[in-house]
Protein chains: 2
Amino acid sequence: MAKGLIEPRVLKGFRDTLPAVALERSRMIRTLEGVFSSFGFTPIDTPALEYAEILLGKGSEETDRQLYRFTDQGGRDIALRFDLTVPLARFVAEHANELGMPFRRYHIAPVWRAEKPQRGRYREFIQCDFDIIGSESLLGDAEVLGLVSASLGKLGIDHELRVNNRLILNGLLETVNAGGTAALVLRAVDKLDKLGAEVVKAELREQGGLDDAQIATVFAYLALSASDATPTEVLRELDGLLAKSATGTAGVQALRTLFAHASEYGLAGRMLQLDLSIARGLDYYTGMVFETRMVAMPAIGSICSGGRYDNLVNLYSNRRLPGVGGSIGLDRIFGALEELKQLDVRTSPAQVFVAVGDDSCIAGAISIAQSLRQAGHPTELSLEAGSLGAQFKYADRRGIGLAVIFGERERLAGTCGVKNLKTGEQVNDISLTGIAAEITRRLTTLPRP
Amino acid sequence: MAKGLIEPRVLKGFRDTLPAVALERSRMIRTLEGVFSSFGFTPIDTPALEYAEILLGKGSEETDRQLYRFTDQGGRDIALRFDLTVPLARFVAEHANELGMPFRRYHIAPVWRAEKPQRGRYREFIQCDFDIIGSESLLGDAEVLGLVSASLGKLGIDHELRVNNRLILNGLLETVNAGGTAALVLRAVDKLDKLGAEVVKAELREQGGLDDAQIATVFAYLALSASDATPTEVLRELDGLLAKSATGTAGVQALRTLFAHASEYGLAGRMLQLDLSIARGLDYYTGMVFETRMVAMPAIGSICSGGRYDNLVNLYSNRRLPGVGGSIGLDRIFGALEELKQLDVRTSPAQVFVAVGDDSCIAGAISIAQSLRQAGHPTELSLEAGSLGAQFKYADRRGIGLAVIFGERERLAGTCGVKNLKTGEQVNDISLTGIAAEITRRLTTLPRP
């Protein structure tokens, strides 16, 4: 750096969002907002900063450690939110009467965690959460799955939903009397693929103290989990396996209802699968849990997860407010689409560029640009009259496919030209009154430039 | 609070955004993004947190004092951004080559200032900035004014733009030799209305040391500023008044060109006025400056201001990057529309509510809701079958105007009903295949519910 200058740099673990990415991200968020609205979900917002006591101890020891926490000018102990769930709980506890129940909300906003930066993980990232608060209806569970599928569908992402119900897992734990070793059994369910049957069996016996019959029940469950049977068949088997547990039976019935409702949203077959291995954490979820697989890139893990919980606001209020919701992993999806080269690399939202021949052409060029904008075509107007070659180069670099040419010749003739900046093809002598229609025709009938 | 509970509260000077406000704000931001895109402006984003050295000393002593500044887990001295201009300068200095010039960007994002909270002022608020960087073209100035007018127009706000050029003010200062007293002369120009002619004259004489001829020149300028003459006439007068100053003459010529360009954007007459009293701060702007008046509520002050500056990045880079841009005062506009009772008070984005008679009707009700969503009508599906009265009350409270009724009678007949929740009017026996078209007809031909 030259003397006296400040080095322009961002903090470790943070990043700027440059035009190409910002345009795509903005498009994705607009799409999601449209789908959320179509399901009657309303946006809300909460402050980035909260009293530290609101945020502390709500996630894990890890999230506490990762808090950006400090003392403000008024001596208050405050911190940046690390997720959107804790602020939602605070928000709902504070405004429950005003909001009315059931309350459907979405919230797309940044959160901050002082994590160790690593590839694809940042200290500031956008969360995209949606929830229905204040209803225990299983129809709400189905609405959430319908919303997830509609959202990903609108983003053009082929996806498969996988559901389970925590009551079934609890029923399994009751059936094998694994109260004290629930974590171990859940780990077995979750990690069988990774650990292998022998390791899991040994763990259940030695660390969990399960006997052979109990282990057999766990493995009957794991076998069902791995089977190719239809959800209807698996649920019938579970009725038998968990018959002694009222909890388990309720879970099976809830899933049966969910599959029935979900089929009305077009969710059946590979679009909605029963996956008995999904547990999603020990403490939070109490009913349906779900994950979502991106068909083109399943290895990246779930791109949208969530479930039903018994009480959102128990830390802030004596009122009981159950809910169901989920979170779309925008960054994860974004990374996958980037890897699949499905992201647009344009750095301008403009579809058309208006090139200006000389200063005498400025007035006419403004008029052309304005008519294109009014016809709904995002248009960039060249700010410098002069060399058309330089102007075309600028527009092409920005990914703009079409240029309208307005130079002295055109001004005198009362016409303009159109050039395809990808192919170089150029058409002249288009009337000024017809240019908007000509551009509309090219943008709708030709492949996207 | 009950024992053991944490009081749910937001920090002083912060606020939650509840559904009615969030829906309107979201609609406004979507509208602005659409207009910005139509002019070829791209979104960008920068981190909320920056190194403190990036932000300190860039605004005023006041903004330094108001910084939310702290030390992070890695011992870094960091702070939350207090505006979007300083991060833009850092961003452009860091990425100039990648961005290419001219670079048109907008940025709509929260900023934080630990100000003394007062009515209508918050410690977290959204800024909405747009700029064209890297061009000195006066066409850029005109594009910015065109963009402002298109933006406010799309928001349905009757507005008047007022422009001046800092070169004219500098020319006046040169003409009266007021180098050391520039602040005083600018204050006279800016505050004549408030202070009155005698106070201003006395200040210029006693504090500024101006003689009678110099004071007469200042007052000739002030008289021009207050006159009803057309911009063309005022600019002609200024040519004479500032003839001895090359700077002043350049400013007059720049405004002449700007008015010519702006007329191509439909900006003339009361839509674009010359206001010689606009100065907008001493240090930052160097060319055109503008403010915008909301016709229905001029007293709230400028709802969009900005101008041209010589160099955005001088603190971070030796490169010279001029620019022109502005900032829309979303909060101010929002407050005004609230006061004018022009804001929608609905708390749901849904236009239609689907009421469910009993559990046997759930499948059919989902199917109706999905068909309405696919027809483009945001639809809320009742999660609880049962009393229609309670369901209607819930929907009406949310501001949803229409309810589709699907109870046992309708299910058996294969039909549904539609009720206007404002008027109570109800129509029955609508076919299930015709319901989407019926809702479309009602929403487009009837006044907005």
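Biologist: Which residues of helix α14 of chain B are buried, and what makes them count as buried?

Modeller: In helix α14 (residues 388–397) of chain B, they are B:Gln391, B:Tyr394 and B:Ala395. Buried means that 20 or more other C-beta atoms lie within 10 Å of a residue's own; 12 or fewer makes it exposed, anything in between is partly exposed, and the C-beta atoms are placed from the backbone. As for "helix", that is a DSSP run of H or I with at least four residues, while a strand is a run of E with at least two, both numbered from the N terminus. Keep in mind that this is a predicted model: local features need pLDDT of at least 70 and side-chain atom pairs count only at pLDDT 80 or more, whereas totals for chains, interfaces and linings use all residues. Residues are numbered from 1 along each chain as its sequence is written, and chains are lettered from A and ligands numbered from 1 in the order in which they are written.

Biologist: What makes B:Lys341 stand out, and is B:Lys341 buried or exposed?

Modeller: Its phi is positive, near 55°, and B:Lys341 is not a glycine. It sits in the loop between α12 (330–339) and β12 of chain B. With 7 other C-beta atoms within 10 Å, B:Lys341 is exposed. A:Asp429 also has a positive phi, near 60°, and belongs to strand β16 (residues 426–431) of chain A. It has 11 C-beta neighbours inside 10 Å, so A:Asp429 counts as exposed.

Biologist: Why are α9 and α10 of chain A called roughly antiparallel?

Modeller: Helix α9 (residues 212–226) and helix α10 (residues 231–241) of chain A pack at about 175°, axes 11 Å apart. The axes are lines fitted to C-alpha atoms, for helices over the stretch in contact, with angles from 0 to 180 degrees between N-to-C directions. Under 35 degrees is roughly parallel, over 145 roughly antiparallel, 65 to 115 roughly perpendicular, and the rest oblique. That is why α9(A) and α10(A) count as roughly antiparallel. Among the residues making the contact are A:Tyr221 and A:Leu224 of α9(A) and A:Val234 and A:Leu238 of α10(A). "Contact" means C-beta atoms, placed from the backbone, within 7 Å.

Biologist: How do you know how chains A and B are related?

Modeller: A 180° rotation with 0.0 Å of shift along its axis superposes chain A on chain B, RMSD 0.0 Å. That is the relation of a two-fold axis. A:Phe70 is the chain A residue closest to the axis, at 3.2 Å (C-alpha).

Biologist: What makes you say how the copies meet?

Modeller: 78 residues of chain A contact 78 of chain B. On the chain A side, 40 are nonpolar, 21 polar and 17 charged. Here Ala, Val, Leu, Ile, Met, Phe, Trp, Tyr, Cys and Pro are nonpolar, Asp, Glu, Lys and Arg charged, and the others, Gly among them, polar. And 100% of chain A's interface residues are also interface residues in chain B, so the copies meet through the same surface.

Definitions and conventions:
Copies are superposed by least squares on the C-alpha atoms of residues with pLDDT of at least 70 in both. Two residues are in contact if their C-beta atoms, placed from the backbone, lie within 7 Å.
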